[in-house]
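I opened my notebook to look through a structure with two views beside me, the sequence and the 3D picture. Come along and check each entry as I go.

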Amino acid sequence: MIWLKNDLPRLITLVVGVVVLADKFFAFDPLHGLSTWFLQYSVLFAAFAMILGAANLLRVSAHKIRAKKQHWQYNYVLMIAIIGYTLLGLFAGTKNPLYLSIYNSVYVPAQATIISFMAFWLASACYRAFRARNLQAVILLVAGVTVMLGKIGIGSVIWEALPGIAGWIQNVPQSAVMRSLGVGIAIGMVGVGLRTIVGIERGFVGGGDES
Amino acid sequence: MMERLQKIDRRIIFAGLMLMIAIPLVKPLQLPVNISSETRAAYDLIEALPSGSNVLIATSIFPSTQAELEPQTIAMLNHLVKKQAKIVMAPCYPDTPPYLLKYAKMLEDAGYVEGIDYLNLPYLAGEETLYAAMGSDFKKTYDQTPSSELWDSISGVKSFSLVIVPNGGRHPLYVMAHISTPHAIDMIASITAVVLPNVQPYFNSGQIGGVVSGMNGAAEYESLVQVPGKALQGMAAQSLGHLWIIALVVLGNIGYFATRGKKAGGV
């Protein structure tokens with residue numbers, strides 16, 4: 001049954017990959033219909049993948065509780081939250097006031113708080129990293145400070161040319177670097193895509209060996 | 001003394017930043033808003049829409065991006081309401097649907113009717129695959145959507161005059177690749193500030209028609225539509241926060257050069 005684990009997924013990848021890719025190059029209705037059908041199903045599979053992810057998280061948490069691993073008690077909180085909130089959404093509906101209240105009063109502030117910490121870490125990191133130790137560091141320092149000042153209203157109060165200079169940094173040197181990176185990544189992705197379609201890349205079926 | 005400038009305690013850095021952010025909340029400050037070419041282009045795209053145009057908002061707003069994306073979304077919704085656009089909102093991230101309920105309420109307060117003037121589509125998983133499916137056959141992708149005047153008037157993705165993509169990641173690039181460029185539909189990327197470097201080259205090349213970036217982009221849009229909101233309030237806090245960071249950088253460098261000179265002299 002090794003073909004079921006290895007060859008079948010690669011065959012499906014080959015067929016789906018070739019059809020979806022060919023649809024981008026040829027205006028042929030049956031091909032477009034098949035490509036659309038594959039894409040609709042991929043959305044469905046993505047939803048199943050989310051369920052699989054949640055189920056796996058529950059399995060891992062249950063294992064941690066059974067094995068009494070470090071901080072195992074928190075896994076109870078995680079499991080109760082996942083199961084409880086899922087059941088509430090399934091039976092009461094996602095427009096239920098309690099469902100929305102938990103989302104707006106617990107989840108939103110908690111996640112917003114965690115992301116807000118980043119401002120403090122960034123302040124500390126900027127202070128430590130932006131030292132004019134050499135020419136490259138000076139360029140980084142000047143560009144960073146100029147963009148930071150140019151993007152806020154007070155920048156034009158300090159010097160009215162600052163927003164223009166910040167815009168130039170973003171539009172010219174930064175765009176040039178991002179374009180070159182983008183082209184490099186795109187070429188790499190084409191390579192990985194082709195390797196996956198023709199079956200050279202096998203990591204996604206759990207195989208580590210590549211020919 | 002100069003060595004101390006290089007080793008300012010982290011708690012002082014944090015307390016200073018908190019103080020700088022808190023000052024404008026206690027005493028609001030009025031700071032000038034410079035309109036960037038990216039935000040101006042986004043505004044012009046919506047302004048040029050004929051009355052009653054269909055607009056798709058493929059959004060993936062969630063709590064971490066809310067501070068930046070929500071003021072942008074609200075400012076653009078205010079503009080779309082002024083233009084009497086028909087709005088279809090598609091959540092593309094699992095955390096997004098509750099936000100759309102809020103925006104639906106806002107639209108209804110402005111006289112919009114669900115199914116006629118606006119529509120909330122269900123969340124679908126898939127991210128880039130979802131956008132590819134939407135670009136391939138929009139109606140089939142959302143084939144469980146109940147019939148309504150607005151939904152029935154949409155035959156496919158080409159029925160939209162504009163796509164707005166509020167997101168804090170790569171979604172604008174996915175939409176550009178699978179929807180806006182292949183179907184020649186105008187697009188606005190509504191993004192967190194950190195994403196701007198990824199999006200900027202595509203704005204410069206004309207593939208993305210407008211970009212509203214970060215809280216400053218939201219503040220610019222609020223000032224363009226003349227509906228002050230959270231972004232204009234928040235910009236004062238952000239400005240003072242930036243100034244604090246710059247002050248720290250300057251102090252650190254003063255300390256670095258002063259002690260470096262001493263060390264060099266001592267050798």
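These are my entries, starting with the ground rules and moving from whole chains to single residues.

**Ground rules**

I am working with a predicted model, where local features need pLDDT of at least 70, side-chain atom pairs count only at pLDDT 80 or more, and totals for chains, interfaces and linings use all residues. Residues are numbered from 1 along each chain as its sequence is written, chains are lettered from A and ligands numbered from 1 in the order in which they are written, and side-chain values use heavy atoms, with hydrogens and water left out.

**Chain A as a whole**

I looked up the secondary structure and found seven helices and zero strands in chain A. Here helices (H or I, at least four residues) and strands (E, at least two) are DSSP runs, numbered from the N terminus. Read along the sequence, the pattern of chain A is α-α-α-α-α-α-α.

Next I checked the overall dimensions. The radius of gyration of chain A is 26 Å, while a compact globule of 211 residues would have one near 17 Å. That radius is taken over C-alpha atoms, and the globule rule is 2.2 Å times the number of residues to the power 0.38. The box filled by the C-alpha atoms of chain A is roughly 70 × 50 × 40 Å along the principal axes.

What share of the 211 residues in chain A is buried? I noted 28%. Buried means under 20% relative accessible area, exposed means over 50%, and partly exposed is in between (1.4 Å probe, protein chains only).

I also looked at contacts, meaning heavy atoms within 4.5 Å. In chain A, 20% of the contacts with a separation of 6 or more are between residues 24 or more positions apart.

Chain A exposes about 13900 Å², and carbon and sulfur atoms supply 75% of that. Such areas come from the Shrake-Rupley method with a 1.4 Å probe; for residues, only the protein chains shown count as cover.

**Chain B as a whole**

I turned to chain B and found twelve helices and six strands. Its C-alpha atoms fill a box of roughly 80 × 40 × 30 Å along the principal axes. Of the 267 residues of chain B, 56% count as buried. I wrote down 72% for the share of contacts in chain B that join residues at least 24 apart, among those between residues at least 6 apart in sequence.

**Where the chains meet**

**A helix under cover**

I picked helix α6 (residues 128-136) of chain B. Seven of its nine residues are buried, so this helix is largely enclosed by the rest of the structure. Among the buried ones in α6(B) are B:L130, B:Y131 and B:M134. The cover over them includes α2 (29-66) of chain A, along with β1 (54-59), β2 (86-91), α7 (138-141) and α9 (171-183) of chain B.

I found A:G17 in helix α1 (residues 2-25) of chain A. A:G17 counts as buried because its relative accessibility is 17%. From A:G17 to A:Y76 I count 59 residues in sequence and 42 Å in space, C-alpha to C-alpha.

B:T65 sits in helix α4 (residues 63-82) of chain B. B:T65 is buried, at 6% relative accessible area. Leaving out residues up to four places away in sequence, B:T65 touches B:S60, B:E70, B:G168 and B:T192.

**Two loop residues with positive phi**

Most residues other than glycine have a negative phi. I noted that A:K68, which is not glycine, has a positive phi near 50°. A:K68 is in the loop between α2 and α3 (73-92) of chain A. Is A:K68 buried or exposed? A:K68 is exposed, with a relative accessible area of 53%.

B:Q226 is not a glycine either, and its phi is positive, about 55°. I placed B:Q226 in the loop between α11 (214-225) and α12 (230-266) of chain B. With a relative accessible area of 68%, B:Q226 is exposed.
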